Amino acid sequence: MQIPALYIFLIWSAITAAIFVYVGTSNKNPGELSLPVYKRVRALLFFGLTIAAVAFLWLTLPLMPYPDEGVTPDRVIYVSTKQFAFKMSDQPISREDALNDEVFLSIEPIKAGELIEFRVSTADVTHGFGIFTPQGTVLTQTQSMNGYVNRLRHRFSEPGTYPVLCLEFCGIGHHTMKSQLQVVN
Ligand SMILES: [Cu+2]
């Protein structure tokens, strides 16, 4: 997965650099563009990009995982983040418990098929709450932000051990910020 990402990055960087070089060199000999042509190009760009944007939104917005109105989750799990750990509880987590390193919280295993709502917040800086599949690919994620409770709903279809990792660079120990979820039948 890393190598294809590197190639995509290199190709994209080369395209961006080529555009800069083209614009930089083409400015040396500015050509005259007649006003009607200029207006036509501008109208074409405006309407073309507007139609592309509307089509893109129309195609992709229905795929967004918005929680259904009026659907009650089977279970609520409270998540609190702090440099550099996750705390999860079936009860709301007080700010004192969130900040206290001596307080260890745990949750009961999750049942496969249940609709889980994670309520995610942070006790210090912004973190990420990323749930990965047992095979190590991202399953779902939300940010963990100070002063906000972000709700993330997910239904685990298969039992297993799902790693939880921070997806925001939150400080020197970011890479050690790990947890996991147990999903059972
Ligand atoms: Cu982090």
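Domain bounds are those of an automatic or database domain assignment. On that basis the protein chain has domain 1 (33–64) and domain 2 (75–184), and their centres, taken over C-alpha atoms, are 40 Å apart. The model is predicted: local features need pLDDT of at least 70 and side-chain atom pairs count only at pLDDT 80 or more, while totals for chains, interfaces and linings use all residues. Residues are numbered from 1 along each chain as its sequence is written.

**Helix H2**
- The number of buried residues in H2 is zero, so the helix lies largely in the open; buried means 20 or more other C-beta atoms (placed from the backbone) within 10 Å of a residue's own, exposed 12 or fewer, and partly exposed in between.

**Nonpolar core**
- A nonpolar core is a set of buried Ala, Val, Leu, Ile, Met, Phe, Trp, Tyr and Cys residues joined through C-beta atoms within 7 Å.
- The largest has 15 residues, and Val79, Phe129, Val164 and Leu181 have the most contacts inside it.
- At least two residues of this core come from each of strands S1 (75–82), S2 (85–89), S4, S5, S8 (160–165) and S9 (178–184).

**Asp124**
- Asp124 is in the loop between strand S4 (115–122) and strand S5 (127–132).
- Asp124 is partly exposed because 15 other C-beta atoms lie within 10 Å.

Note on methods:
Helix = DSSP H or I, 4+ residues; strand = E, 2+ residues; numbered from the N terminus.
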